[in-house]
Number of protein chains: 2
Amino acid sequence: MSQAAATPAKRLPFLSERHIDPHAYPDGVAFHDGQYLPMSQAKISVLDWGFLHSDATYDTVHVWDGRFFRLDLHLDRFFGGLEKLRMTIPFDRDGVSEILHNCVALSGHRAAYVEMLCTRGASPTFSRDPRQAINRFMAFAVPFGSVANAEQLRTGLHVAISDKVRIPPASIDPSIKNYHWLDLVRGLYDAYDRGADTALVLDFNGNVAEGPGFNVFCVTDGRLTTPAVGVLPGITRRTVFDLCAEIGLAVKAEAIGVAALRGADEVFITSTAGGIVPVTTIDGAPVAGGKVGPITERLMALYWKRHEDPAWSSAVHYP
Amino acid sequence: MSQAAATPAKRLPFLSERHIDPHAYPDGVAFHDGQYLPMSQAKISVLDWGFLHSDATYDTVHVWDGRFFRLDLHLDRFFGGLEKLRMTIPFDRDGVSEILHNCVALSGHRAAYVEMLCTRGASPTFSRDPRQAINRFMAFAVPFGSVANAEQLRTGLHVAISDKVRIPPASIDPSIKNYHWLDLVRGLYDAYDRGADTALVLDFNGNVAEGPGFNVFCVTDGRLTTPAVGVLPGITRRTVFDLCAEIGLAVKAEAIGVAALRGADEVFITSTAGGIVPVTTIDGAPVAGGKVGPITERLMALYWKRHEDPAWSSAVHYP
């Protein structure tokens, strides 16, 4: 404790009244405590259980060319997570939908990444009983950011398989979309160390699970597979199932071993942040010919085409 | 999408410039972006990876009767976590120590719960690459809050054993003190449903792991044991080992089955927030005679006595 010796001669620092924020924020609009605000104002207390215990759920939907994509499915998942975590918010589905529309319209973004979230909140006395906390709903719209840039979408991602194990369902139910990502973040650093763009982590049986913010598919002999358990039930993952059903491709959720992934004809990942993104290199070795495969290309085209379909999308009403 | 029909006739809501905060906060002082501030100002952006991906580490130390308790051990653990997460902060151990002292001194609290934390931060462009984020250090001091109230300290806690499984070390290294608590929070709700005060969750082998913010010990035939793996290496847990060594009690970290815990002569939990706290009921059944045991009582007394010892504590220099 150098402090014990040093302090007596020192004066205490000044206690400011209001925080001066030196940081920059992306251009966007948040809904917070009933107010629509710039992103610089979208902050939560460090005492909120949503931060202090990652006791929160959320969902992310995207807006493309001025239209929400499959918002209903995202709302289903979000309200499902709230119920499982025993959280309540003062808005129904239509109320949340209206708030999300307002955030995007006020932001003016034609391509946006839109998040709705609820934290456990906090009690004014900093009680340790979560039942005394008041749950807090927030939402925000920022510019659309993809897991892949234009070059990566064209030539495919280089993915490394990390030995980190995705948090298992016995600990955290993955159908509650959650912010527990330290396993994925550490997998990402493993990937960077090996010169890859992003990572896949394993499940508890040593099979392939998912990556930071995405599910994974492989195509072998014209048949698609994606990991079945211990992964987020992604909306883009589901969209691949829906598209496959429409065009008569076989797709199944089942265990995928690391060797099966490496030996696949095509590999791609799915995410709200980027859609369907090809993977052409795994741990430095090319997937099949190392080029984006025909089934991946076909699904990518269909995926973006369906963003205009009123059955799967809804227009934002900009001012 | 009811919105599609409803919006055209509606005007967009007003976009405010600054958030008006309707919430109350505990009395305390935070250090944030180089500024000392009231707790109402201690907030992080929702875009910080520390919130969005729970990509953060922290440590909590307590001040009792105007003295920090074992601050050096908490600083060791915090700086260890930073290194493992590849985070850097612009302060060394003495710098952090000085900031913590200042927070407590400015707060005036003689009994305080003091937290230091570091988040991954964010990049102004909301980049998905954590290497582009600027790590953010914060600290705060709020009134000391115990996991147990005075009555519970006297008569012992009622603990329920949840079937939730603590996030395993293969996913998250528990020596990195982290905010991944949804398993513990859900265990807590299981406990409330059964009329208990708090919960214990299991490890992957079905043995006892830990609870929300505490380690657990049992005493059987005069010998102490505590779970060995997959648990936070708690400073109060370590303090029990140190006290046992001084007074010649046998203590060992090893697997503890649920039956062994239920059949113990004494059970207690350890936490920075409360010290050593007796457990006298497990799932509705009394532990041994249902009274606080003699070894638990002896360790509790020693634990608090040592808060005056300059070898284990350091005075806060209040103005």
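1. Basis of the note. The model is predicted, so local features are described only at pLDDT of at least 70 and side-chain atom pairs only at pLDDT 80 or more, while totals for chains, interfaces and linings use all residues. Residues are numbered from 1 along each chain as its sequence is written, and chains are lettered from A and ligands numbered from 1 in the order in which they are written.

2. Relation of the chains. Chain A is superposed on chain B by a rotation of 180° with 0.0 Å of shift along its axis, at an RMSD of 0.0 Å. This is the relation of a two-fold axis. The superposition is by least squares on the C-alpha atoms of residues with pLDDT of at least 70 in both copies.

3. The interface. Contact is made between 79 residues of chain A and 79 residues of chain B; two residues are in contact if their C-beta atoms, placed from the backbone, lie within 7 Å. On the side of chain A that touches chain B, helix α4 (residues 93-107) of chain A gives the most, with seven residues. Helices (H or I, at least four residues) and strands (E, at least two) are DSSP runs numbered from the N terminus. By class, that side of chain A has 46 nonpolar, 21 polar and 12 charged residues. Here Ala, Val, Leu, Ile, Met, Phe, Trp, Tyr, Cys and Pro count as nonpolar, Asp, Glu, Lys and Arg as charged, and the others, Gly among them, as polar. Because 100% of the interface residues of chain A are also interface residues in chain B, the copies meet through the same surface.

4. Strand β3 (residues 43-45) of chain A runs antiparallel to strand β3 (residues 43-45) of chain B, and three bridges join them. Strands are said to pair if DSSP finds at least two bridges between them. In this pair, A:Ile44 stands opposite B:Ile44.

5. Domains of chain A. Chain A is divided into domain 1 (29-143) and domain 2 (150-307), with bounds that come from an automatic or database domain assignment. Their C-alpha centres lie 26 Å apart. The contact takes 21 residues from domain 1 of chain A and 13 residues from domain 2 of chain A. On the domain 1 side, the elements that give two or more residues are β4 (56-64), β5 (67-69) and α3 (71-84) of chain A. Of these, β4(A) gives the most, with eight residues. By class, this side has eight nonpolar, seven polar and six charged residues.

6. The seven-stranded sheet of chain A. Which strands lie at the edges of this sheet? The open sheet has the order β2-β1-β7-β6-β4-β5-β17 in chain A, with antiparallel pairing. Its edge strands are β2 (35-38) and β17 (313-315) of chain A, each of which pairs on one side only. The twist averages 25° from one strand to the next. At one end of the order, four bridges join strand β1 (residues 29-32) of chain A to β2(A), and A:Ala30 has A:Leu37 as its bridge partner. Helix α3(A) lies across β4, β5, β6 (112-119) and β17 of chain A, at about 175° to β4(A). Axes are lines fitted to C-alpha atoms, for helices over the stretch in contact, and angles run from 0 to 180 degrees between N-to-C directions.

7. The sheet of chain B. Chain B has an open sheet of seven strands in the order β2-β1-β7-β6-β4-β5-β16, with antiparallel pairing. Strand β5 (residues 67-69) of chain B is joined to β16(B) by three bridges, and B:Phe68 has B:Ser314 as its bridge partner.

8. Strand β11 of chain A. Is strand β11 (residues 215-220) of chain A mostly covered or mostly open? Five of its six residues are buried, and the strand is mostly covered. A residue is buried if 20 or more other C-beta atoms, placed from the backbone, lie within 10 Å of its own, exposed if 12 or fewer, and partly exposed in between. β11(A) pairs in the antiparallel sense with strand β14 (residues 266-271) of chain A over five bridges, and three bridges join β11(A) to strand β12 (residues 223-226) of chain A. A:Val219 stands opposite A:Glu266 in β14(A) and opposite A:Leu224 in β12(A). β11(A) and β12(A) form a hairpin with two residues between them, and A:Asp221 in the turn has a positive phi of about 50°.

9. A loop residue. A:Gly206 is placed in the loop between β9 (198-202) and β10 (208-210) of chain A. A:Gly206 counts as exposed because it has 12 C-beta neighbours inside 10 Å.
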